[in-house]
Amino acid sequence: MTAHATAPAGPLLTLQDLVVSYRSRRGPRSRRQIRAVDGVSFSLGTGEILALVGESGCGKTSIVRAIARLEEPAGGQVLFRGASIAHVRGPALRQLRRDIQVVFQDPFESLDPRLTAFDTVAESLLVHRLGGSRAGRRDQVLAMLEQVGLHPAEAIARRYPHQLSGGQRQRLVIAGAMVLGPDLVIADEPVSMLDVSLRAGILRLMLDLRDSRGVSILFVTHDLSLAWVVADRVAVVYLGRIVEIGPMDEVIRAPLHPYTRALVSVIPVPETTTARRERILLRGEAPSASRIPGGCRFHPRCPLYRQLGEPERCRTEDPALVAVPPAGRGPAGTSKAGTHTDGASPGRIGAAAAGPEHAAACHFAKESS
Ligand SMILES: Nc1ncnc2c1ncn2[C@@H]1O[C@H](COP(=O)(O)OP(=O)(O)OP(=O)(O)O)[C@@H](O)[C@H]1O
Ligand code: SF4
Ligand SMILES: [Mg+2]
């Protein structure tokens, strides 16, 4: 991790009105643009875990790729420690490639089958000319393998990817990322290829790494219940836009946007709970970024729109995110204790996220919360 004498004042990562678009795959001569990410803004504080949640095709990976400089944004910007990453070159870009690490969903694809676990992690150090002497590097690699739960490290270090379980492989990918001491880890569906039985261990590992190393994590998932396990805050993405963002527990307790309500309604709850919840099943096809509906982009599937008698406003006006005081709280910007006005979670390491405390993009979020 980059050493800071004092914690950085602003957020570690800020997205301002990010747009990512692709040319349609309908043929080489197609000029149609797909706006996969359509004006996304959020901030991530040091030591904070923010979840990006939304169904397949909503633009999560496109956001990740833009942050990691794997995709050129068509608009807006990505700021890392307050500076735009757009024109970073040379040694500064090499440093950025250390500071921001991405863990993708398929560990098998991320690993070189010809490298042992030891060489996989050592390779990360060598590429970035880190680790010092051979002996120093060896100590660092073994310590990292232990830290991600691959023990006994000496024995695991000799194994090849095909000799490891799915969970061990993902731990190894995480070790290769963490050994570089990043400030930000982006985990894009890190457990979706794993057996349910192995998922909890990887999620716990992410929490441990945040607590022990103060790393910030952008946790990307289509599964709100997984996000709930790890994240301090959540941003719900629908068709390239954030439709709701706020503290995790708050969003689960009192979701404001009809899309978030539908996601929350299908989270499995323990059988022992007395609360009865009505499952909200969304009608209609999963949306395509190549045909974004006019007005509020959620209106063709929105249960509230139908319930309210299909107001014209929903078909003609594109709602913006507005800060909404959640039920049982004061005006937006004050918390129960009146101390956390910046969206940060109390008790989290250095969590100092900027941005609205709890905001949703629906004309009726205020009235119906
Ligand atoms: N290289 C590309 N060329 C054209 N369209 C693309 C490209 N990559 C993504 N898309 C489209 O952009 C939209 C967003 O895709 P993206 O992969 O960012 O979504 P996602 O939320 O990560 O989905 P998933 O949960 O399935 O991983 C989709 O409509 C997808 O088909
Ligand atoms: S603005 Fe209308 S269509 Fe959009 S989420 Fe709100 S009620 Fe639904
Ligand atoms: Mg994806």
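How many helices and strands are there in the chain? There are 14 helices and twelve strands, where helices (H or I, at least four residues) and strands (E, at least two) are DSSP runs numbered from the N terminus. This is a predicted model, in which local features need pLDDT of at least 70, side-chain atom pairs count only at pLDDT 80 or more, and totals for chains, interfaces and linings use all residues. Residues are numbered from 1 along each chain as its sequence is written, while chains are lettered from A and ligands numbered from 1 in the order in which they are written.

View 1. Strand 1 (residues 13–23) runs antiparallel to strand 2, and nine bridges join them. Look for Thr14, whose bridge partner in strand 2 is Ser43.

**View 2. Helix 4 (residues 117–127) and its cover.** Its buried residues are Ala117, Phe118, Thr120, Val121, Ala122 and Ser124 (buried: 20 or more other C-beta atoms, placed from the backbone, within 10 Å of the residue's own). Helix 5 (134–147), helix 6 (153–156) and helix 7 (166–178) are included in what covers them. Just after helix 4, Arg129 takes a positive phi of about 50 degrees.

**View 3. The residues around ligand 2.** Among them are Cys296, His299, Cys302, Cys314, Cys362 and His363, counted if the C-beta atom, placed from the backbone, lies within 6 Å. The shell has ten nonpolar, two polar and no charged residues. Here Ala, Val, Leu, Ile, Met, Phe, Trp, Tyr, Cys and Pro count as nonpolar, Asp, Glu, Lys and Arg as charged, and the others, Gly among them, as polar.

Key:
Pairing = 2+ DSSP bridges. Buried ≥ 20, exposed ≤ 12 C-beta atoms within 10 Å, placed from the backbone. Contact = placed C-beta atoms within 7 Å.
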